[in-house]
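Trainee: Please pick one part of this model and take me through it closely. I want the packing, the neighbours and the setting.

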Amino acid sequence: MAERSAPLRLGNIAPNFKADTTQGPIDLHEFIGDSWVILFSHPEDYTPVCTTELGEMARLQPEFTKRGVKLLGLSANTLGSHEGWISDIKDVTGSQVSFPIIADKERKVAYLYDMIDYQDTTNVDEKGIAFTIRSVFVIDPKKTIRTILSYPASTGRNSAEILRIVDSLQTGDKYKVTTPINWVPGDDVIVHPSIKGEQATQLFPNLRAVKPYLRFTALPSDA
């Protein structure tokens, strides 16, 4: 197994790469442009959990698009394999995958983003080379990594949670707030601790202070 990459952390600039995808070659930073991107890996094509995940992400793609988010999948297989698998996904889930999937047979992107499975000894190809885990990277338009999620190969992701994270990040950036546990759009938010005194009441006239450090507020109805 190749030497493990240095760990990526929140706030790092997403490492750039060039790769072949089901929609042609891409340069990651050019692909991001002025959008948010969700880069998410799958262990292998034609596998049950991955098939359900790709179908669900394809179904939710319009919701991500409304939020200015591009989806970018990755699997450790060839383009030809991806193309046949996309047909299977449509048959199984009824959803058409229309976002690009990276062909990472050589694990170049997987190693760069530390997506390789170091836990499950059965998650390997015919040569015994480890496949990827289910990694998720939420990257903002500044190319900054804002969220990292890692799921084992045996556990499918929660697509609604990925969408909720995007909502939370974008809401926080726009309104200078943070979001409490189990928050969903429409719920009250928390005034960011850096917003003090009169500035807080000017920005959030309906602020409700439970403790000096815990101040809830509703957002405008069009937020």
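Predicted model: local features only at pLDDT ≥ 70, side-chain atom pairs only at ≥ 80, totals over all residues.

Mentor: Helices (H or I, at least four residues) and strands (E, at least two) are DSSP runs here, numbered from the N terminus. Ala 160 sits in helix α5.

Residues are numbered from 1 along each chain as its sequence is written, and side-chain values use heavy atoms, leaving out hydrogens and water.

First, the setting. The protein chain holds six helices and eleven strands. It has 223 residues, and 47% of them count as buried (under 20% relative accessible area; exposed is over 50%, partly exposed in between; 1.4 Å probe, protein chains only). Take contacts (heavy atoms within 4.5 Å) between residues at least 6 apart in sequence: 64% join residues at least 24 apart.

Now α2 and α5. Helix α2 covers residues 48–66 and helix α5 covers residues 159–175. Their axes come within 10 Å and cross at roughly 20°. Axes are lines fitted to C-alpha atoms, for helices over the stretch in contact; angles run from 0 to 180 degrees between N-to-C directions. The two helices are therefore roughly parallel (under 35 degrees; over 145 is roughly antiparallel, 65 to 115 roughly perpendicular, the rest oblique). The crossing of α2 past α5 is right-handed (near helix turned clockwise from the far one by less than a right angle; anticlockwise is left-handed).

Look at the residues that meet. From α2 come Glu 56, Met 57, Leu 60, Glu 63 and Phe 64. From α5 come Ser 159, Ile 162, Leu 163 and Val 166. This contact divides into six nonpolar, one polar and two charged residues (nonpolar: Ala, Val, Leu, Ile, Met, Phe, Trp, Tyr, Cys and Pro; charged: Asp, Glu, Lys and Arg; polar: the others, Gly among them).

Back to Ala 160. Its relative accessible area is 48%, so Ala 160 is partly exposed. Ala 160 and Met 57 are 103 residues apart in sequence, yet 9.4 Å apart C-alpha to C-alpha.

Next, α3. Helix α3 spans residues 79–93. It packs with α2 at an angle of about 80°, with the axes 9 Å apart. That makes α2 roughly perpendicular to α3.

Tyr 46 has a relative accessible area of 44%, so it is partly exposed. Setting aside neighbours within four places in sequence, Tyr 46 contacts Ser 81, Gly 84, Trp 85 and Asp 88. The C-alpha atoms of Tyr 46 and Ile 89 are 8.7 Å apart, across 43 residues of chain.

Finally, follow the chain past α5. Lys 176 lies in the loop between α5 and β8 (177–178). Its phi is near 60°, a positive value in a residue other than glycine. Lys 176 is partly exposed, at 44% relative accessibility. Then comes the loop between β8 and β9 (189–191), which holds Asn 182. Asn 182 is not a glycine, yet has a positive phi of about 60°. Asn 182 is exposed, with a relative accessible area of 60%.
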